[in-house]
Structure formats: structure tokens, C-alpha cells
Amino acid sequence: QVQLVESGGGLVQAGGSLRLSCPASGRTFSSYTMGWFRQAPGKEREFVAAVSGSRSRTYYADSVKGRFTISRDNAKNTVYLQMNSLKPEDTAVYYCAAGAGVTLTFPNTYAYWGQGTQVTVSS
């Protein structure tokens with residue numbers, strides 16, 4: 001069973017940066033696609049970014065392209081989300097997710113989820 005624990009959220013001003021981390025348990029970390037999703041109050045869970053397990057290819061939602069960077073360190077079993085130029089609309093609970101054979105932007109295709117970490121961006 002894969003366990004994910006996100007950290008790094010907090011309160012920042014617009015234009016600031018945060019780096020989220022998600023260490024994962026298990027010996028098969030490198031085979032999983034890792035994704036970041038977010039959910040704001042009253043909204044559905046939204047795809048943010050993903051990195052594949054096969055070639056570590058990265059994918060981003062249009063809303064975060066050029067501002068966020070997803071990466072993975074297989075030696076540390078950790079996926080990261082570097083968030084720059086943060087905007088108030090980025091405010092949400094951010095979730096780390098893992099899965100095999102996923103459809104990248106569809107949260108229901110990821111088997112494992114972290115507990116979430118709150119990101120709040122003030123104006």
C-alpha cells in the first residue's frame with residue numbers, strides 16, 4: 001500500500017513561492033505516475049500537474065504553465081511541486097496522488113492520495 005504525505009503548504013503573498021513535497025512509501029515508486037491536484041471550496045478537484053513514471057515526462061494544467069514545476073526524485077521516493085508567481089486563485093488544498101495506468105488529468109484514475117496541504121495566497 002502506497003502512502004503519501006504532502007507538506008510545504010502555507011500562507012504567502014501574491015507573487016510569492018512555495019515548494020510542496022510528497023514523500024511516498026513503497027519500493028515501486030519509480031513506476032508510478034505522480035500527480036498534483038487541488039480543490040478550492042465549492043469546486044471540484046482540479047488537475048494541476050503530473051510526472052510520468054516511464055520517462056518522467058511532465059504535464060501541466062494551462063492555468064499553471066510557466067509558473068509551476070513538477071519533478072520527482074526516485075532515489076528519495078519524493079515528488080515536488082515548485083510553485084512560483086502564486087496568485088490568489090491558486091488558493092486550495094493541494095493533494096499528491098499516485099497511480100499506474102492513469103489518465104493524467106482524471107483524479108478518479110489515481111489509486112493513492114495524500115491527506116492534502118493548504119495553500120493560501122493573499123492579495
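I began with the secondary structure of the chain, which comes to zero helices and ten strands. Read from the N terminus, the elements run β-β-β-β-β-β-β-β-β-β. The radius of gyration is 13 Å, close to the 14 Å of the globule rule for 123 residues, so the chain is as compact as a globular protein of that length. I note here that the model is predicted.

**Entry: the whole chain.** I looked up the box around the C-alpha atoms, and it is roughly 40 × 25 × 25 Å along the principal axes. Buried residues account for 43% of the 123 residues. I then took the contacts between residues at least 6 apart in sequence, and 56% of them join residues at least 24 apart. The accessible surface is about 6,300 Å², with 46% of that belonging to carbon and sulfur atoms.

**Entry: D90.** Where does D90 sit? I found D90 in the loop between β7 (78-83) and β8 (92-99). Is D90 buried or exposed? Its relative accessible area is 0%, and buried means under 20%, so D90 is buried. I looked for what the side chain of D90 reaches, and found the backbone nitrogen of K87 at 2.8 Å. Beyond neighbours within four places in sequence, D90 is in contact with R38, R67, F68, S85, V119 and V121. I also took the C-alpha to C-alpha distance from D90 to Y112, which is 23 Å for a separation of 22 residues in sequence.

**Entry: T117.** I placed T117 in strand β10, residues 117-122. Its relative accessibility is 11%, which is under the 20% cut-off, so T117 counts as buried. A polar atom of the T117 side chain lies 3.2 Å from the backbone nitrogen of G9. G9 is also in the list of residues that T117 touches, not counting those up to four places away in sequence. That list holds E6, S7, G8 and G9, then L20, and then A92, V93 and Y94.

**Entry: T78.** I placed T78 in strand β7. Which backbone atom does the side chain of T78 reach? I found the backbone oxygen of K76, at 2.8 Å. The relative accessible area of T78 is 6%, again under 20%, so T78 is buried. With neighbours within four places in sequence left aside, T78 is in contact with S21, C22, P23, F29, S71, R72 and D73.

**Entry: positive phi.** I checked N77, which is in the loop between β6 (68-73) and β7. The phi of N77 is near 55 degrees, a positive value in a residue other than glycine. I then checked S56, in the loop between β4 (46-51) and β5 (58-60). S56 is not a glycine, yet has a positive phi of about 55 degrees. How exposed is S56? Its relative accessibility is 36%, which falls between 20% and 50%, so S56 counts as partly exposed.

Key:
Residues are numbered from 1 along each chain as its sequence is written. This is a predicted model: local features need pLDDT of at least 70, side-chain atom pairs count only at pLDDT 80 or more; totals for chains, interfaces and linings use all residues. Side-chain values use heavy atoms; hydrogens and water are left out. Helices (H or I, at least four residues) and strands (E, at least two) are DSSP runs, numbered from the N terminus. Buried means under 20% relative accessible area, exposed over 50%, partly exposed in between (1.4 Å probe, protein chains only). Contact means heavy atoms within 4.5 Å. A polar contact is a pair of N or O atoms within 3.5 Å; within protein, one must be able to donate a hydrogen and the other to accept it, and residues adjacent in sequence count only if both atoms are side-chain atoms. The radius of gyration is taken over C-alpha atoms; the globule rule is 2.2 Å times the number of residues to the power 0.38. Accessible areas come from the Shrake-Rupley method with a 1.4 Å probe; for residues, only the protein chains shown count as cover.
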